[in-house]
Amino acid sequence: MKDFRLYAITGENFHPGRDLIEVMTEAIAGGVDWIQLRDKTSAREELLRKAKALRELTRKHGVTFIVNDHIDIALEVDADGVHLGQNDVPLVEARKRVGDKIIGISTHAIGEAILAEQQGADYIGVGPVFPTKTKADVVDPVTVSYVREVAETIRIPFVAIGGIKLHNVDEVIRAGATRICAVSEIVGSADVRGVCQAFIRKLEQGGAHL
Ligand code: 3NM
């Protein structure tokens, strides 16, 4: 697994007039090193079309490509891995299906983080750090204290997520995060490349080097 600092999730609320591939091309130019297709509304055929297009783009640029929820689509397009929530397919089951592909698990409490590590997750999501409108069924913010707890307890890579913006990311980095994930701050921006570059600068200032 290639390590990362900045992980972009596709979201659906792009800046007016922008499309998925245009936005993600700019994000890669700005320094994003992992991309996740997360789309809760498209029908399977549309999802597959997006997954194929993102697989082509990410492969061209050496960017890791993860598919949220849909193990079958991840396998069909040969994505690098899948990301699963607490209520999706159990990790042990997912491992049987994806073999040595990357499996990421969303966690919202230290018990979930420890269990994911024990069961062989390759990385975990840690959030939502701050309030977010992007995830509908999200739990209350876990705050930076959960980021700190994970940084002190968990050995597999973790990525902080949820309401992370340029104006609050320093706080997350100070709590011990060396990888961050943002949706609305990246895809909703008129300057996707500039936002990504600014996130990378802040991560580097915090000591996150690959
Ligand atoms: N997962 P934004 S929070 C997709 O806590 C997702 O597991 C979360 O979007 C979690 O950067 C979240 O726009 C939404 O707040 C992140």
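Q: Does aspartate 39 count as buried or exposed, and how many C-beta neighbours lie inside 10 Å?

A: In this predicted model, aspartate 39 has 20 C-beta neighbours inside 10 Å and therefore counts as buried, since 20 or more is the cut-off for that class. The residue sits in the loop between β2 (34-37) and α2 (44-61), and, leaving aside residues up to four places away in sequence, aspartate 39 touches Thr10, Glu12, Leu47 and Lys50.

Q: What does UniProt list for "binding site" together with Asp39?

A: The unreviewed UniProt entry lists Gln36, Leu37, Arg38, Asp39, Lys40, Asn68, Ser106 and Lys135 under "binding site". One of these, serine 106, is placed in strand β5 (residues 102-107) and is buried, with 24 other C-beta atoms within 10 Å. Not counting residues up to four places away in sequence, serine 106 touches Gly85, Gln86 and Gly125.

Q: Which other residues does UniProt list for "binding site", and where do they lie?

A: The unreviewed entry also lists Asp69 and Asp88, which span 20 residues in sequence, yet no two of their C-alpha atoms are more than 6.9 Å apart, so they gather at one spot. Aspartate 69 is found in the loop between β3 (64-68) and α3 (71-76), while aspartate 88 is found in the loop between β4 and α4 (91-98). Aspartate 69 touches Leu84 and Asp88, if residues up to four places away in sequence are not counted. Aspartate 69 is partly exposed, with 18 other C-beta atoms within 10 Å, and aspartate 88 is partly exposed as well, with 17.

Q: Which residues come nearest to the ligand?

A: There are 18 residues around the ligand, and Gly127, Thr132, Thr134, Val183 and Ser184 come nearest. Sorted by class, this shell has seven nonpolar, eight polar and three charged residues.

Q: How should I read backbone angles, and which peptide bond is cis?

A: Most residues other than glycine have a negative phi, and most peptide bonds are trans. In this chain a cis peptide bond, with omega about 0°, joins glycine 127 and proline 128, and proline 128 is placed in the loop between β6 (123-126) and α6 (143-153). As for phi, aspartate 69 has a positive value of about 70° although it is not a glycine. Aspartate 78 is likewise a residue other than glycine with a positive phi, near 60°; aspartate 78 lies in the loop between α3 and β4 (81-84) and is exposed, with 12 other C-beta atoms within 10 Å.

Q: Which residues of helix α1 are buried, and what do they pack against?

A: An α-helix has 3.6 residues a turn, so residues three or four places apart point the same way. In helix α1 (residues 20-29), the buried residues are Val23, Met24, Glu26, Ala27 and Ile28. They pack against β1 (6-9), β2, α2, α8 (184-187) and α9 (192-205). Helix α1 is followed by glycine 31, whose phi is positive, near 115°.

Q: Which members of the largest nonpolar core touch the most other members?

A: In soluble globular proteins, nonpolar side chains tend to be buried together. Here the largest nonpolar core has 62 residues, of which Ala8, Ala160, Val172 and Ile180 touch the most other members, and the largest share of this core, five residues, comes from α9. Valine 172 touches Val129, Val144, Val147, Ala160, Ile164, Ala177 and Ile180, again not counting residues up to four places away in sequence.

Q: Which residues does the UniProt domain annotation cover?

A: According to the unreviewed UniProt entry, the annotation "domain: Thiamine phosphate synthase/TenI" covers residues 6-186. The end C-alpha atoms of this span lie 10 Å apart, and the span is 39% helix and 19% strand.

Terms used: Residues are numbered from 1 along each chain as its sequence is written. This is a predicted model: local features need pLDDT of at least 70, side-chain atom pairs count only at pLDDT 80 or more; totals for chains, interfaces and linings use all residues. UniProt positions are given in the numbering used here, feature names are shortened, and annotations may be inferred rather than shown by experiment. Helices (H or I, at least four residues) and strands (E, at least two) are DSSP runs, numbered from the N terminus. A residue is near a molecule or strand if its C-beta atom, placed from the backbone, lies within 6 Å of it. Ala, Val, Leu, Ile, Met, Phe, Trp, Tyr, Cys and Pro count as nonpolar, Asp, Glu, Lys and Arg as charged, and the others, Gly among them, as polar. Two residues are in contact if their C-beta atoms, placed from the backbone, lie within 7 Å. A nonpolar core is a set of buried Ala, Val, Leu, Ile, Met, Phe, Trp, Tyr and Cys residues joined through C-beta atoms within 7 Å.
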